[in-house]
2 protein chains.
Amino acid sequence: LAGIDFWYDLASSYSYAAAMRIESVAASAGVKVRWRPFLLGPIFKALGWNDSPFNLQAAKGRYAWRDLERICGGLDIPFRRPTPFPQRSVTAARLALVGHDEGWGVEFSKRAYLAEFGDGRDIGERVVLLDVLSSLGLDSEAVFAKAETAENKQRLRAETAEAEALGIFGAPSFVTADGEVFWGNDRLEQALAWAAGRAERTPSTF
Amino acid sequence: LAGIDFWYDLASSYSYAAAMRIESVAASAGVKVRWRPFLLGPIFKALGWNDSPFNLQAAKGRYAWRDLERICGGLDIPFRRPTPFPQRSVTAARLALVGHDEGWGVEFSKRAYLAEFGDGRDIGERVVLLDVLSSLGLDSEAVFAKAETAENKQRLRAETAEAEALGIFGAPSFVTADGEVFWGNDRLEQALAWAAGRAERTPSTF
């Protein structure tokens, strides 16, 4: 089965839309998805940004929120602009890594996104993450202990370094087995078509 | 007939792809297109940028050229990364305004894009624009004289100011009669669906 890696930051607005639809569109395309949580913050910092481009550029930010509102309307998923934005997603990402090992990472990620962009809650707050974990029937405190080991923290740093090495500079990004990067929720279909061998695979000169 | 405005900068790489395909996809959608040349440079300057984001951010630039290469491959249109990039598009935009008045603006714009992104020529050079105009059977020097009147120069400034007032911060952008902005070649289909009344028109809270 062809596969793609779905790189997402739990603070990323367009990743929310992608996360809510990727399972069904990938299944239709016959492509297997590996969920790869990472942090955009360190990559933005390397560009000299200390905030989201949606905050740094007013016109782009206004556009992006309206655009996401339209997209969520089309997908029939809830949307509320969260406060604060972006949220501190480091703990949520560490939890997601544990969850992907244990088989509940996809559902955790979707519920975290829904809390943030559907209900307007702050996933930077421990209580919100505890609620999400509890809703999955997990022992929240035990999961937190696994998420906050030095090893798991280092693992998230390594994942983020891998994203950067792949050329990723935004989220969501989709990466095929042959290393093609597709950036943005709106590129999911092209990434799947490429992975499934249904797109013309134009050779790269870059 | 439903309509959209197609805002494009003749130096914009993704606008090239949009320009080469918009006539056929808009016709299929039953939507009329008004071509609106403008300049991104003044809008970028207001953001504190003195260059294209594709030059200012190395990872985004590498991605964008490869992405455009894939897109052009899929559309079966030629692609060469132009030098310099971005090119000075002010004169070409002034000519396009004259051309849209006189009925040859669409063909001029497409041929200018092909010279730039297909053949790797520099549309900032007068000789290249003269060649494009001549290829259309026009009296190049007479057209240049119309393009370079104070009135036409002012008109381009007013068009750019209108783009900025609409919230446009990148090209291509598509704007519907009810003021919805869609940014990027990859949003053309959504813009057309919205204009044609085939998209769910989620009300705006922004």
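**Figure 1. Helices and strands of chain A.** Chain A of this predicted model holds 10 helices and 4 strands. Helices (H or I, at least four residues) and strands (E, at least two) are DSSP runs, numbered from the N terminus. Along the sequence the pattern reads β-α-β-α-α-α-α-α-α-α-α-β-β-α. Residues are numbered from 1 along each chain as its sequence is written, and chains are lettered from A.

**Figure 2. Overall size of chain A.** The C-alpha trace spans about 50 × 40 × 35 Å along its principal axes. The radius of gyration of chain A is 17 Å, which agrees with the value near 17 Å for a compact globule of 206 residues. This radius is taken over C-alpha atoms, and the globule rule is 2.2 Å times the number of residues to the power 0.38.

Figure 3. Of the 206 residues, 54% are buried, meaning under 20% relative accessible area (1.4 Å probe, protein chains only). Contacts (heavy atoms within 4.5 Å) are counted here between residues at least 6 apart in sequence, and 70% of them join residues at least 24 apart.

**Figure 4. Two copies and their axis.** Chain B can be laid on chain A by a turn of 180° and a shift of 0.0 Å along the axis, with an RMSD of 0.0 Å. The superposition is by least squares on the C-alpha atoms of residues with pLDDT of at least 70 in both copies. This is the relation of a two-fold axis. In chain B, the C-alpha of Asp186(B) is nearest the axis, 3.6 Å from it. The same surface serves both copies: 100% of the contact residues of chain B recur in chain A.

How values were computed. Predicted model: local features only at pLDDT ≥ 70, side-chain atom pairs only at ≥ 80, totals over all residues. Heavy atoms only, no water. Buried < 20%, exposed > 50% of the residue type's maximum accessible area, 1.4 Å probe, protein only.
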